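Dear colleague,

Please find below the sequence and structure that I am handing over to you. My notes on the contact between the chains come after it.

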2 protein chains.
Amino acid sequence: MQINQQRLRSDIESNAEFGSVPTDEGRGRTVLTGSEADRRAREFFCERLRDAGLELTIDAVGNIVGRWCPESADPDAAPVATGSHLDSVPEGGIFDGPLGVYAGLESVRAMQDAGLAPERPIDVVSFTEEEGQRFDGGLIGSAVATGDMTTDAALAIEDADGVPLGDALADIGYRGEGRLDASAWDAWIELHIEQAERLETAGVPAGVVTSVVGLSRCRVEISGEADHAGSTLMTDRSDALAAASEFVLDVERAANDRRSESETVVGTVGKLDVSPNAPNVIPGTVALTIDVRDVDRDSIAHVIDEARTSLDRLETERGVETSLEHPWDRPPVAMSDRCRDALSAAGEAADLGTLALHSGAGHDTMHVADVTDAALLFAPSRDGISHNPLEWTDWDDCADATRVLAGALAELATS
Amino acid sequence: MQINQQRLRSDIESNAEFGSVPTDEGRGRTVLTGSEADRRAREFFCERLRDAGLELTIDAVGNIVGRWCPESADPDAAPVATGSHLDSVPEGGIFDGPLGVYAGLESVRAMQDAGLAPERPIDVVSFTEEEGQRFDGGLIGSAVATGDMTTDAALAIEDADGVPLGDALADIGYRGEGRLDASAWDAWIELHIEQAERLETAGVPAGVVTSVVGLSRCRVEISGEADHAGSTLMTDRSDALAAASEFVLDVERAANDRRSESETVVGTVGKLDVSPNAPNVIPGTVALTIDVRDVDRDSIAHVIDEARTSLDRLETERGVETSLEHPWDRPPVAMSDRCRDALSAAGEAADLGTLALHSGAGHDTMHVADVTDAALLFAPSRDGISHNPLEWTDWDDCADATRVLAGALAELATS
């Protein structure tokens, strides 16, 4: 099967214009759910689905599906599905999400061009709010599609200004009807950039994921005493930022130390806000987040435990008050053998090597795997950089990974 | 001489209404230069000056002066001056600044009530932008009044949105004319809250400052690599926040270690901003400020040197890039013996003890001392808390400190 690399590239480059922003490191992409950039990205995707003759539906939380149901297919058969997401982090790259969405569409077009006659319909999907940048939590569209969250609960999630997701989607004309039901799919495969360096290092264009890491996220608050930075002696201080700095290093150390048990474990303090945040005031309060992931559930629990121990120590040693909320804890998820086998076979058929590896990111596939056979395919990321304007995947690698995806989808849809 | 405690309290409480904001710790006061709160605070102060029969002038940078020139005084004699500032940090307290302004006015009213006949005019002053919250640097009004900065340079200072100080003052009707000239004063005394616990611990209502600390301020930037928090192994990271956390602790440690040489040295990272600041992105850049103060200039230089050493180490050990700008370096300033003696004598005459101590904060007096005899008088601060809604000085202590101020001003204006 031939992949049209130029057509795929043109789609991804066109999509990159929506939310394009200048940064010190080149053009970044900021596509927050419900923004004008999101509206334009969705509109362009819908046009491209229609251009390829796919039947378009948009559900109540804005999940977009294009269905290819050729004459060869039984319209009542469980479809094979593929896709990813179009939203981004602030100043993110152009591949994280869009590659999977447009590689899914390109796979269908390649099958059409090759005159393939699948027996099942094929769905190409873009899920709403994967990144969780405007609406807390992320993976919202796939959570609804898999029954992990009700449609009403999702629509009621508010952004920092109190705007509910439902209103944000309605504002841009993408609050549709009904609920996309992922459990009705026969199988699901998502192509995504690796966001790590293993494929690049191995010189292999496609990675077949064995397991998606589990993910715990906590909100921490550390309170000291906001005082004048000049007149408060060092011995009279309760500096929330100094305490938080110890905490950040304790989380980093806990993850590093645990690598002797599970080398894939990671712990990150990505967001940290100081109050009142003035040069001449000792910080009174620091609010921060912890994000801990691994394929090994015990290692996640260990790092969270170490974080709690750190806070207890800081209360004693620095006289600060602390709190830790743990609203999100998702166990590791194994990928389907059937889908993984289809990907490996497609790699061999295309004369491309594939590498088995784990996924450190909680993609939508993590949810879909709860309700049907699911797999995740990786394309290489230059230097492993992602969530950054420097994020890059060579166009040849995009095409090669799409070739593997298309082969596996064709296999699953005809068996 | 009788101080009217109720009149002083009423002025300070009325002033506290301008910019009053609810916080977790009670009502805070946010009076940023050029804001509506600033306009109302200035308007009320001008009314109170006029009510007491003082002659009002407002200079080009918004410094407000009320002059009392009774018949006993030679209008051409160099005035004795007193005052402080009315602006605040965000969510600050009600005494930092306003106590000195209204205690100055109350001192004049007390002299009037007592029928005193000073030989010199007495000026009551409110300086513009002491805190440096909206317009960088702070102490701007006193810098202009002492010739440390030109009027034009001050008016051109821009806030974060690019609005010049001159426009901000014109917007609220407080861009006056001419330049207040502090070198024309015979002497200056500022009453301010201590913002530390020494007076409270000693049970003494008034502190006579021996020396104002020197102050260095630096801007630091630490750049790593913004990467996906899930898919980037611990070993592949360049986390700007983890590096910045080490730096915050290094600055704290440098100040603590130096206490063996000079126990008054303090070092603070008060402002720290993370970018992109998202839970699932490894921090790419951290921008922060360092504020270092002491009565001993070598100790300030030592802490700044240690900060530079820390950055060098972080570049080597963590592979981050760093920069340090050092735009502000002000040496310690000794207070005038003549003014200190007047304060001590006034304390004795009023049957109130006074304590000799240093000032950790860079009040406007630091500038005024460059051009005339100057002194700084402290009132107690409960628990040393300042720049915080919990900032508090008992009304009895306010009145006692004002009694010492008024006595010293009367002495200086009649000799």
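The paragraphs below set out what was found in this structure, which is a predicted model.

I begin with the relation between the two chains.

The interface itself follows. Chain B gives 63 residues to the contact, and chain A gives 63 residues. Of the interface residues of chain B, 100% are also interface residues in chain A, so the copies meet through the same surface. Between them, chain B and chain A bury about 5,200 Å², and carbon and sulfur atoms account for 54% of that area. Three residues, B:His228, B:Met234 and B:Pro279, supply 13% of the area that chain B buries against chain A, which is more than any other three residues.

As to polar interactions, 22 residue pairs are in polar contact across the interface of chain B and chain A, counting pairs with both residues at pLDDT 80 or more. The elements of chain B that give two or more residues to the side touching chain A are α8 (240-258), β10 (266-268), β11 (272-275) and β12 (285-294). Of these, α8(B) provides the largest share of that side, with nine residues. By residue type, the side of chain B that touches chain A divides into 24 nonpolar, 21 polar and 18 charged residues.

Two salt bridges are found across the interface of chain B and chain A. One salt bridge joins B:Glu252 to A:Arg318, with the closest N and O atoms 2.6 Å apart.

Finally, a note on aromatic residues. Over all chains, the count comes to 18 aromatic pairs. Among them is the pair of B:Phe44 and B:Tyr102, which is tilted, with 6.2 Å from centre to centre and 50° between the planes. This pair links distant parts of the chain: B:Phe44 belongs to helix α2 (residues 36-51) of chain B and B:Tyr102 to helix α3 (residues 98-113) of chain B, and the two residues are 58 residues apart.

With kind regards

Definitions and conventions
Residues are numbered from 1 along each chain as its sequence is written. Chains are lettered from A and ligands numbered from 1 in the order in which they are written. This is a predicted model: local features need pLDDT of at least 70, side-chain atom pairs count only at pLDDT 80 or more; totals for chains, interfaces and linings use all residues. Side-chain values use heavy atoms; hydrogens and water are left out. Contact means heavy atoms within 4.5 Å. Buried area is the accessible area (1.4 Å probe) that two parts lose on being put together, summed over both. A salt bridge is a side-chain nitrogen of Lys or Arg within 4 Å of a carboxyl oxygen of Asp or Glu. A polar contact is a pair of N or O atoms within 3.5 Å; within protein, one must be able to donate a hydrogen and the other to accept it, and residues adjacent in sequence count only if both atoms are side-chain atoms. Helices (H or I, at least four residues) and strands (E, at least two) are DSSP runs, numbered from the N terminus. Ala, Val, Leu, Ile, Met, Phe, Trp, Tyr, Cys and Pro count as nonpolar, Asp, Glu, Lys and Arg as charged, and the others, Gly among them, as polar. Rings of Phe, Tyr and Trp (its six-membered ring) pair if their centres lie within 6.5 Å; planes under 30 degrees apart count as stacked, over 60 as edge-to-face and the rest as tilted.
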